[in-house]
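Here is a short report for a reader new to this structure. Keep the sequence and the 3D view at hand while reading.

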Amino acid sequence: FRYPAKYFLLTAYCASVLAGLGLDRLAAAARRDRPRAAALALVLAALFVTLAVGPWLLRLLRAREGMPAGLTWFLLALACLATVRWALPRSSDRGRWAARAYAGIALAELAAANLYLFPQVWLSADRLARPSALAAVLERPVSGRLSVDPQEAHPASDADSSREALARFVEESRDRLVPLRFVEEDLRAFEGYEPPVPRLAEELRALDARGVFDLVGVRFYVRLGPPPFEGLEELARGPRGSPVVYRAPNPMPRAFVVQQARVADEGQTRAALVDPAQPARTTAYLASGEPLDEKECQGSNVRFLRDEARHIELEVDSCGKGVLVVTDAWFPGWTATVDGKPVEILRADLALRAVPVPSGPSRVRMDYLPASFTLGAGVSGLALLALLGLSGARLRKPS
């Protein structure tokens, strides 16, 4: 539970259980049986008790030191929900008691899963927040991507997979730049730890060829053992048992322009990507679109003006007519414009993005807005309007 988002998910789970057990009765109960002030006082009292008893209860449940501050917010939210639920008037209805029993079982299930399904490793926050010694040797701002090895970095691959080994791994995880912890050092990585990435991006990584890593701009490699490829320079070596950082001499930038483009099937593209000559440095292998065969020229420049998760904007100065290759994952839902005119984003080099650009200066913008998001937002908006309309009608209805 290092990440606060997990606590929000846990709170949402408890909220959904309690909502299904009659949480919607709160307003009616407050109006009918007790004043609103009394219900509010009960909630505030529960919050105070939670803050006072929570730390002691965690120690009792073997969750000793190191529980992140996010757990406090979960306890507060759960106290509010539980107070609302249990403050409702009692009823002789057997269904009400069955519902309460179900709520208790659901919460007990959460506690049991947390305590017994996984090894309990609790570390203090200051030990987890220690900055990475390996990241300190990288120039700032870091140019290029990082490559980590999920199998080597995880304790499951070690001979010693005991609780002590797991605790040691968690404590050193940021220092070793294991998957996802490099995000805290503001580093881009070619690999992740079981991320929901597109299938083709996984296949691109699975080729495990030097040409692929150079193409997507991997400049630094973090490995426990020897370098994965020849010609890498050892940049830094951590304490005994820690990974080594290697540096590649000449990776491609994150975005670049080529004057050659071929329409190729996936087999031909894979062959080009694993070719030691690295033809993808000068030729874009497209899954669709028009081929391009212009005279190769030097001096094209690409500069990022905006770089966000769903929006990027680039200033391109091409020495001739060409194809701009952006080494981020291609995925349906991305749209692009060149100098304000819509263009199709082509899938290049198996899993990357590409758009044709004219000779000279131009401005390229890419935005991610899938149809599924637009449709979902529209449905949610209509549902919210309907809910507000029904609520207004009930408020206007005479009691």
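## A salt bridge between strands

R363 is partly exposed, at 40% relative accessibility (buried means under 20% relative accessible area, exposed over 50%, partly exposed in between, with a 1.4 Å probe and protein chains only). Salt bridges that share partners join R303, E313, E315, R363, R365 and D367 into one network. A salt bridge here is a side-chain nitrogen of Lys or Arg within 4 Å of a carboxyl oxygen of Asp or Glu. E313 and R363 form one, with their closest N and O atoms 3.7 Å apart. E313 sits in strand β10 and R363 in strand β16 (residues 360-368), so this pair links parts that are 50 residues apart in sequence. E313 is buried, with a relative accessible area of 16%.

## Model and confidence

This is a predicted model: local features need pLDDT of at least 70, side-chain atom pairs count only at pLDDT 80 or more, and totals for chains, interfaces and linings use all residues. Residues are numbered from 1 along each chain as its sequence is written, and side-chain values use heavy atoms, with hydrogens and water left out.

The pLDDT (the predictor's confidence in each residue, from 0 to 100) averages 78 over the protein, and 64% of the residues score at least 70. Residues 62-69 fall below 50, and beyond near neighbours in sequence this stretch has 20 contacts in the model. Contact means heavy atoms within 4.5 Å. Where pLDDT is low, the predicted coordinates should not be read in detail.

Strand β9 (residues 301-307) and strand β10 (residues 311-318) run antiparallel, joined by six bridges. Helices (H or I, at least four residues) and strands (E, at least two) are DSSP runs, numbered from the N terminus. Two strands pair if DSSP finds at least two bridges between them. R306 has E313 in β10 as its bridge partner.

## Salt bridges around E266

The salt-bridge count comes to 22. R270 and E266 are four residues apart in helix α11 (residues 266-274), so about one helical turn separates them. R270 is partly exposed at 26% relative accessible area. E266 is partly exposed too, at 30%.

E266 also meets R347 in a salt bridge, at 3.9 Å from N to O. E266 lies in helix α11 and R347 in strand β14 (residues 346-348), so the pair ties together parts 81 residues apart in sequence. R347 counts as buried, at 16% relative accessibility.

## An open sheet

Four strands form an open sheet in the order β1-β2-β4-β3, with mixed pairing. Its edge strands are β1 (145-148) and β3 (233-237), each pairing on one side only. Strand β2 (residues 218-223) pairs with strand β4 (residues 244-247) in the antiparallel sense, over four bridges. Y221 stands opposite Y246 in β4.

## Nonpolar cores

A nonpolar core is a set of buried Ala, Val, Leu, Ile, Met, Phe, Trp, Tyr and Cys residues joined through side-chain atoms within 4.5 Å. The largest has 35 residues, and L204, Y221, V323 and V325 touch the most other members. Leaving aside neighbours within four places in sequence, V323 is in contact with residues including F256, V258, L292 and V357. Apart from this core lies another, of 15 residues, among them L314, V316, V338 and I345.
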